[in-house]
Structure formats: structure tokens, C-alpha cells
Amino acid sequence: MSREREQEPHHRRHVERLQQAGLRATAPRLAVLEVLEVHRGHPAADEVWAALKRTHPTISRSTVYKTLEAFVARGLCRRITGDGTRLRIDGTLDDHHHAVCRGCGAIFDIDLDAFPIPPPPARLPRDLSVTGVRIEFDVICANCRETASAAVCESRRTTRQGGTTDA
Ligand SMILES: [Zn+2]
Ligand SMILES: [Zn+2]
């Protein structure tokens, strides 16, 4: 490892974060952590891989997936339940809610302050100990709303032009 690299303060911070999570600070893990810090917008695992390939051309897809799984298991990032087909990752560790657009699938972070919720019960049925609670809002984002209302206007215009004669 070069001296320049050791002098980067965020590099040392990443090493510490991995060690605190009980993981050895290997090169692939450090690289993935770095990408998560830059890509704050809930990237899919393949997007993390694509971003890594620019700086680490030899890193394999399965290494990226395995690393992300290890991170999720150790609480370094969290898995997002999205459309269910892709592994999406949230590298923002501060607790927050999600709002997921039903139109385009975009995920928005919602501050806990913006929507405080009562503390969860300690246990739930089926012998589940509760460690936290998060809310996922079903939303329509501003973009999709605009597109939808544009489509409605368009279809109204078409109907009018088509002209029904029974009026
Ligand atoms: Zn949308
Ligand atoms: Zn998030």
C-alpha cells in the first residue's frame, strides 16, 4: 500500500468502520465501502459493481455481492426491499424512513424528524424480538405525477378530437 493512500484520512476511517463491524479491512471491502459513501442514492448491487470497475477493473461481480451481503449482515449498510428482483443497498446509516414511488420505483429518504413514530414494542408474535421500526411510504413522486396528468390531458384531447356524435 502506498504512502499517499495511508495518508488519506477517509481510508483510515473506513478501516476502522470495518474493524468495528468485525470485518478485516481487505482491499475489496474498502473499495465497496468507498463507493457506498459516494453513491448515496440506494444503488443496486450491479450499479455498485459498475462504479467499482472504473477504479478496480479486476473486481468480480460475485465479490461485490458477497461483500455487500457481509456488510448488510454486519449492519454497515442495509438491504432495501424494492421490486424484489434486485439487491439494492442503502449506505446511509442514520435511521430513516423510505418513501417508494409506485410509478418509477425511486426511493426517497425521509428524516425520522419529519415523521416521528412511537417506540416499537419489545416483542412481536412468533417470538420476534424487535430491534427497530421503519416505515415505508407508498408515494407518487412529483415527476410521475406530472407525467400522469400530462397523459390524462393528452387522452382527453384525443377523445375530444375523435368526437362522439351523440352529444
Ligand atoms: Zn416516480
Ligand atoms: Zn435510504
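1. His98 stands opposite Asp109 in β4 and opposite Glu136 in β7. The model is a predicted one, in which local features need pLDDT of at least 70, side-chain atom pairs count only at pLDDT 80 or more, and totals for chains, interfaces and linings use all residues. Residues are numbered from 1 along each chain as its sequence is written, with chains lettered from A and ligands numbered from 1 in the order in which they are written.

2. Strand β3 (residues 96–101) is joined to β4 by 5 bridges, and these two strands run antiparallel. Strands here are DSSP E runs of at least two residues and helices are H or I runs of at least four, both numbered from the N terminus; two strands pair if DSSP finds at least two bridges between them. The hairpin of β3 and β4 has 5 residues between the strands, and Gly105 in it takes a positive phi near 80 degrees.

3. On β7, the count is 4 bridges to β3, with the two strands running parallel.

4. Asp138 lies in strand β7. Asp138 has 8 other C-beta atoms within 10 Å and is therefore exposed. The classes rest on C-beta atoms placed from the backbone: 20 or more others within 10 Å make a residue buried, 12 or fewer make it exposed, and counts in between make it partly exposed. Leaving out residues up to four places away in sequence, Asp138 touches Val100 and Arg102, contact being defined as C-beta atoms, placed from the backbone, within 7 Å. The C-alpha atoms of Asp138 and His98 are separated by 8.8 Å, and the two residues are 40 apart along the chain.

5. The largest nonpolar core has 14 residues, and those with the most contacts inside it are Val32, Val35, Leu36, Val48, Leu52, Val64 and Leu68. Two or more residues each come from α3 (27–38), α4 (45–55) and α5 (61–73), and α3 gives the largest share, 5 residues. Such a core is a set of buried Ala, Val, Leu, Ile, Met, Phe, Trp, Tyr and Cys residues joined through C-beta atoms within 7 Å. Apart from its neighbours within four places in sequence, Val32 is in contact with Val48, Leu52, Val64, Thr67 and Leu68.

6. Helix α2 (residues 9–20) packs on α3 at an angle of about 110 degrees, with the axes 10 Å apart. Axes are lines fitted to C-alpha atoms, for helices over the stretch in contact, and angles between N-to-C directions run from 0 to 180 degrees. α2 and α3 are therefore roughly perpendicular to each other, the class for 65 to 115 degrees. In this contact His14, Arg17 and Leu18 of α2 meet Arg29, Leu30, Leu33 and Glu34 of α3. By type, the residues divide into 3 nonpolar, 1 polar and 3 charged.

7. Over the whole chain there are 6 helices and 7 strands, in the pattern α-α-α-α-α-β-β-β-β-β-β-β-α along the sequence. Of the 167 residues, 13% are buried. Among contacts between residues at least 6 apart in sequence, 46% join residues at least 24 apart.

Conventions: Two residues are in contact if their C-beta atoms, placed from the backbone, lie within 7 Å. Angles under 35 degrees count as roughly parallel, over 145 as roughly antiparallel, 65 to 115 as roughly perpendicular and the rest as oblique. Ala, Val, Leu, Ile, Met, Phe, Trp, Tyr, Cys and Pro count as nonpolar, Asp, Glu, Lys and Arg as charged, and the others, Gly among them, as polar.
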